[in-house]
Structure formats: C-alpha cells, structure tokens
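Here are my notes for you to read alongside the structure. Keep it open and find each spot as you go.

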Amino acid sequence: ALSPLCESQIYCHGELLHQVQMAQLYQDDKQFVDMSLATSPDEVLQKFSELAVAHNHSIPREELQNFVQSYFQPVGQELQPWTPEDWKDSPQFLQKISDSRLRVWAEELHKIWKKLGKKMKAEVLSHPERSSLIYSEHPFIVPGGRFVEFYYWDSYWVMEGLLLSEMASTVKGMLQNFLDLVKTYGHIPNGGRVYYLQRSHPPLLTLMMERYVAHTNDVAFLRENIGTLALELEFWTVNRTVSVGSGGQSYILNRYYVPYGGPRPESYSKDEELAKTVPEGDRETLWAELKAGAESGWDFSSRWLVGGPDPDLLSSIRTSKMVPADLNAFLCQAEELMSNFYSRLGNDTEAKRYRNLRAQRLAAMEAILWDEQKGAWFDYDLEKGKKNLEFYPSNLTPLWAGCFSDPNVADRALKYLEDNKILTYQYGIPTSLRNTGQQWDFPNAWAPLQDLVIRGLAKSASPRTQEVAFQLAQNRIKTNFKVYSQKSAMYEKYDISNGGHPGGGGEYEVQEGFGWTNGLALMLLDRYGDQLTSGTQLASLGPHCLVTALLLSLLLQ
C-alpha cells in the first residue's frame, strides 16, 4: 500500500523540527517548514546533530537562528511568479454585469489571477528532498497570502472563476497536477506540501473534471483520466468509511479521519501547547483529531467540538466521531458524476456500479442525516448516537450537490434558514451561530459556504426561494465590494457581525488574495450580473472611508 506518511526528518517530524518550532523563531510556524534547504538534508541533519550535542540538546535561540539562516533559504525561492498564458482582457461574462462599478471591479478581480499564478522551478524536480513542496509539472493558481502552494478544495472555486475568465488551459494544468498526485500517492493531499500528505481535503476532484469537460468538451482528457478519478474515490472508500446502524439496518457512510498522531508541522508549537492541556495519554489522539479537522477544510470549528468536554475549547476536538453531511454530499455527487462519465464513455457496467453506490448513499443519508421535522441534513455523532442539530451552512450541502429525492427540499431549506434567523444577517451567511474564536465559526462568512446555500436555494422552482438566493448573493457581493473599496484587497473570509470586514480568529492573521473569494464573486456576478448593484450607501461608511469612497465613485463614473 502507498504510505501517505511523510518521511522527512526536517519537514515532518524529528528533533530539528521540534527545536526550531518550539523556539518560535517566526510568528507563523508555517514559515519555517516552507523554507527550502541550502544543501542536502543529510548534511543539514548532521550539522544539527553536532550543534545539539554541543549544547546538550537545548540549543540557545540565537544559535538556532544562526543555524536556520545558514542552512535554509527564505520562503518562496523554489517558486516563480507565473502569468497565465491564457489570461486575456475582457472575458465575455463582464458584458453581463449591468452595474458599471461592479463591472470595473470584476475586471480588477479578473486581473488578480495574474498575481496568484505560480510555477515550480526545475530544482524542485531535481532536488525534491531540499524542499517541502511536492513537485507539480504544471503552473497553478494559489489562494494567496501565507498560502503559496495549491490547496485541494479551494481549487474548485478557483477553477470555476478561471473558467469564467476563459482560462481553461490553466484549469487543465491544475487538474493534471491533481491527477498526478493521485497516481503517485493514491489520494490528493490537503495542499501541495509533503507535510500535508497525511490528510486529504473535501473531495471535489470529480466535480472539477465535470466543470472542465462541460466548458471545453475535452472528452479525450476525461477518457484518459477516468481511472484516476475512480482511484481517488477509492481512497475515501478504503480509508474513510464508517458503518452506522439505524432501525435494525446498517448503513455505510464516510467521515474525516486521519490515523496519524504528532503535531502538524505547519502549526507545530500550537499543537504542542494545546497538548499540554490534556492528559499525556490523550495527546496522540488529540493531534490525530486536529489533522482530521484540517482534512475537513473547517480548521477549526465548534462543529468538531460539540459533544466534547467544553465546546469552546479546541482540545475538545472529535472530528472523526462525526459523520459529516457535506462530505457525504460531495461523495454522493461524485458518484453521480462518475456514473454519467462512464455512460458517456460507453462503459455501462461501471456506470451502473456508480449509480448503485449513489443510490445506497442516498438511502443512508436519508436514514441517518436527514431530519424530516427540521427540513435539513445534520452531522451524525457516532459516539452519542444522534444528530448534531446546531446550525451550519454545510447542513444544506446535499441540496447544492443534488443529492436528494424530494423535489421540495429547496423550499424546506428556506424555511430552515428562516427558523434559524439566518436571513437577518445582511452581510453574509455565518459559518455557525457559536462564537468560539475559531475561524470556522461565527461571525466569519466563507466563500464556499455562501455558494452551498445560494446555489442550493436557486434550484427551487419557487420564485420566492429564488429571490432569497439572489438576495444572499447581493449581500455577499455588497460585503466584498465594500471591503475592496476600503482596502483594495479581497480576503479569505469576512466578519459579518458589524457591517462587513475582513474576518478574524483562528491560528493566523486573515489573508489577502484570495483564490476562492474571487472565484465565488465572479460566479455570482456571472449568474446575477443583470440584477446586482454595488450598493455603496455612503451614509453608512465612517468619515475616514468617506473620502476614499467619494474618490472611488468619482474614479469609477
């Protein structure tokens, strides 16, 4: 079997990593593990060993700093900025945008792809052991900020945006990179670094392929890679499956689960500090649950803490004890797409197999995750034997993914949102209704979760539900545009609690860029371009922003 373990004694585990990260030479632990080596790992480890012995294994901070400066290179040396060759002025979708200020802004967003392009230097291929990067043959778009490598689930929303920007060959290259990772490792890691190999991320590869093929009709590329798509889904079946009993029947569903302990290298000191708050025997389990939380994409959230000793404390994390509504919806959708792909390629046997897999999962989701009274799906707590009934936008993922049998679910979803007073938030849909200080909680609003709800509701035949979908899109665009007008930047998440600001909380400062935020903004501008307005009421802006806003509106007229 392919081992997803990372063997590096510099980037993944070992004394050097421990000493450097615990000395906290940098504000962000990720900085150190993203530095490449100036020489071979053997030489670096040898020199470190001599240094450690000389100082009886507690090396003074200054000595460590000198050591890192001598043997490591600054972050990003192995990557070069890359302007996508298929980038061009004025893609078609801009014509759909009626509001002139939004159209100018959409052009700005389209230009940001040029800033987020990266290409690996040849040295990553010739000396892979000198860097934590996993080599990718094709250039790619990154989220931005501290995230200078690609991320698995982020890339889906990035690709949707790229396709609207008419950059299909960039998308094809990114898909090829992901397919190569599956061929090499048997799964797609969380992101493009060796220290991410122990875990995956929400499985959207099949959906990415579907969007690309729908856009280009490149059936040859699908035919060539369908086996690799099957292999990726197999990873989830073999390694992330759990059996749940209900009403005398047993159902097979999936969960996020990482069977490896040890701190996350990129958040090493935080994971070590957190482990000090639990009994020694529970530390490896805690670390494994943190990795499963990172695999879910929701790192971190009260969603994975409820049912633990204290739902406000990260040490309560129990990700693998939950059967997530979103993960199962993503897999259900992938099974449906695979069935369609195989039909299209003339392989009826496989088409039927995936059709059956989807039918089984649909039955399991209806039995275990669906709540008839509340009109939504919920994560199922394996230990407690019941659903987690708290609000998360992910509870509507099956609607977005087309994984339901009752045609009225979109209207039920609207009632569910009203019952939870979600429509009272004017700047976006909150990630949860608990404010724990974690970033995947209140008051943050994240691009993928806005999409799940908006496009889910938009499936309804009812004009009222359609109208709410539009209103939610309008709220999101208003927030993105307002913050962009003030800061000239797009952010990974937004705080919706007091008028819409860049988000906060979690393990690091809010990042600019930003891949999926831009992708979703372009999707909403494309879908609702004839109705959306920039809606900048100057009255609601603070005096220091008034000048900027006035100048901006003059410039944009």
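1. Start with arginine 193 and aspartate 34, which are both buried. Keep in mind that this is a predicted model. The two side chains meet in a salt bridge, at 3.3 Å from N to O. Arginine 193 sits in the loop between helix 8 and helix 9, while aspartate 34 is in the loop between helix 2 (29-33) and strand 1 (36-37), so the pair ties together parts that are 159 residues apart in sequence.

2. Lys30, Asp34, Glu149 and Arg193 are linked in a network of salt bridges.

3. Next up is lysine 96, which forms a salt bridge with aspartate 526, with the closest N and O atoms 2.7 Å apart. Here the pair links distant parts of the chain: lysine 96 is in the loop between strand 3 (79-81) and helix 5 (100-116), aspartate 526 is in helix 19 (residues 515-528), and they are 430 residues apart. Is lysine 96 buried, exposed or partly exposed? Lysine 96 is partly exposed, because its relative accessible area is 44%, and a residue has to be under 20% to be called buried or over 50% to be called exposed.

4. Arginine 303 and aspartate 326 make another salt bridge, their closest N and O atoms being 2.8 Å apart. Arginine 303 lies in the loop between helix 12 (283-295) and strand 8 (322-323), and aspartate 326 belongs to helix 13 (residues 325-344), so this bridge ties together parts 23 residues apart in sequence. Both arginine 303 and aspartate 326 are buried.

5. Now go back to the two helices on either side of arginine 193's loop. The axes of helix 8 (residues 168-185) and helix 9 (residues 205-216) come within 11 Å and cross at roughly 150°. Helix 8 passes helix 9 in a left-handed crossing. Which residues of helix 8 and helix 9 make the contact? Helix 8 brings Ala168, Val171, Lys172, Leu175, Phe178, Leu179 and Val182, and helix 9 brings Leu205, Met208, Met209, Tyr212, His215 and Thr216. Sorted by class, that contact has ten nonpolar, two polar and one charged residues.

6. On to the strands. Strands of a sheet pair through backbone hydrogen bonds, either parallel or antiparallel. Strand 4 (residues 117-120) pairs with strand 5 over two bridges, and lysine 118 has phenylalanine 140 as its bridge partner in strand 5.

7. Strand 13 and strand 14 (residues 493-495) pair over three bridges.

8. Finish with a hairpin. Strand 6 (residues 241-246) and strand 7 (residues 249-254) pair in the antiparallel sense over six bridges, with two residues between them. Glycine 247, in the turn, has a positive phi of about 55°. Serine 246 has glutamine 249 as its bridge partner in strand 7.

How values were computed: Residues are numbered from 1 along each chain as its sequence is written. This is a predicted model: local features need pLDDT of at least 70, side-chain atom pairs count only at pLDDT 80 or more; totals for chains, interfaces and linings use all residues. Side-chain values use heavy atoms; hydrogens and water are left out. Axes are lines fitted to C-alpha atoms, for helices over the stretch in contact, and angles run from 0 to 180 degrees between N-to-C directions. Helices (H or I, at least four residues) and strands (E, at least two) are DSSP runs, numbered from the N terminus. A crossing is left-handed if the near helix is turned anticlockwise from the far one by less than a right angle, and right-handed if clockwise. Contact means heavy atoms within 4.5 Å. Ala, Val, Leu, Ile, Met, Phe, Trp, Tyr, Cys and Pro count as nonpolar, Asp, Glu, Lys and Arg as charged, and the others, Gly among them, as polar. Two strands pair if DSSP finds at least two bridges between them. A salt bridge is a side-chain nitrogen of Lys or Arg within 4 Å of a carboxyl oxygen of Asp or Glu. Buried means under 20% relative accessible area, exposed over 50%, partly exposed in between (1.4 Å probe, protein chains only).
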